[in-house]
Amino acid sequence: VRLLVGQDGNDPDATLAEMTHLRARGVPPAEVLKGATIYPAQWLGVEDRLGSIEPGKEARILVLDGNPLEEIEKIRSVFLVVNGGDIVE
């Protein structure tokens, strides 16, 4: 079963809390990350432009100061945000 990560608002903290909760309940970190990126893009039918890093897709990249595959809480350790090729501070 594919899980979609998110909430019915615009609160990044709530999404991050859901990711932490899913991991604590045994969902593998890779599935949690896919549930916040690839799977929602597929479900919404926009995987041709969103959901993964590939040539031709919109560049919305979150660079972390840690590996969320080892510790999902590292998703909160934002080092850099890139949006459309521009660094966002």
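**Close-up 1. Asp11, in the segment before helix H1 of this predicted model.** Helices (H or I, at least four residues) and strands (E, at least two) are DSSP runs, numbered from the N terminus. Asp11 is partly exposed, at 37% relative accessibility. Buried means under 20% relative accessible area, exposed means over 50%, and partly exposed lies in between (1.4 Å probe, protein chains only). Asp11 and Leu64 are 53 residues apart in sequence. Their C-alpha atoms are 19 Å apart in space. Residues are numbered from 1 along each chain as its sequence is written, and side-chain values use heavy atoms, with hydrogens and water left out. As the model is predicted, local features need pLDDT of at least 70 and side-chain atom pairs count only at pLDDT 80 or more, while totals for chains, interfaces and linings use all residues.

**Close-up 2. The salt bridge between Arg76 and Asp13.** A salt bridge is a side-chain nitrogen of Lys or Arg within 4 Å of a carboxyl oxygen of Asp or Glu. By this rule the model has five salt bridges. In the Arg76 and Asp13 pair, the N to O distance is 3.8 Å. The pair links distant parts of the chain, 63 residues apart. Arg76 sits in the loop between strand S1 (60-64) and strand S2 (78-83). Asp13 belongs to helix H1 (residues 12-24). Side chains of opposite charge can pair when their charged atoms come close.

**Close-up 3. A salt-bridge network of Arg49, Glu58 and Arg60.** Glu58 forms a salt bridge with Arg49, where the closest N and O atoms are 2.8 Å apart. Glu58 also meets Arg60 in a salt bridge, at 3.1 Å from N to O. Shared partners join Arg49, Glu58 and Arg60 into one network. What is the exposure of Glu58? Glu58 is partly exposed, at 32% relative accessibility. Arg49 is partly exposed at 37%. Arg60 is exposed, with a relative accessible area of 55%.

**Close-up 4. Lys57, in the loop between helix H3 (38-44) and S1.** Is Lys57 buried or exposed? Lys57 counts as buried, because its relative accessibility is 16%. Contact means heavy atoms within 4.5 Å. Not counting residues up to four places away in sequence, Lys57 touches Glu47, Asp48, Arg49, Leu50 and Ser52. One of these, Arg49, is also a salt-bridge partner of Glu58.

**Close-up 5. The crossing of helices H1 and H2.** Two packed helices are described by the angle between their axes and the distance between the axes. The axes of H1 and helix H2 (residues 29-36) come within 9 Å and cross at roughly 150°. That makes H1 roughly antiparallel to H2. Axes are lines fitted to C-alpha atoms, for helices over the stretch in contact, and angles run from 0 to 180 degrees between N-to-C directions. Angles under 35 degrees count as roughly parallel, over 145 as roughly antiparallel, 65 to 115 as roughly perpendicular and the rest as oblique. The crossing is right-handed. A crossing is left-handed if the near helix is turned anticlockwise from the far one by less than a right angle, and right-handed if clockwise. H1 contributes Met19, Leu22 and Arg23 to the contact. H2 contributes Pro29, Val32, Leu33 and Ala36. Six of the contact residues are nonpolar, none is polar and one is charged. Here Ala, Val, Leu, Ile, Met, Phe, Trp, Tyr, Cys and Pro count as nonpolar, Asp, Glu, Lys and Arg as charged, and the others, Gly among them, as polar.

**Close-up 6. Val81 in strand S2 and Val88 in strand S3 (residues 86-88).** Val81 is partly exposed, with a relative accessible area of 29%. Leaving aside neighbours within four places in sequence, Val81 is in contact with Ile61, Leu62, Asp86, Ile87 and Val88. Val81 and Leu64 are 17 residues apart in sequence and 8.8 Å apart in space, C-alpha to C-alpha. Val88 is partly exposed at 41%. With the four-place rule applied again, Val88 touches Val81 and Asn83. Val88 and Asp13 are 75 residues apart in sequence and 18 Å apart in space, C-alpha to C-alpha.
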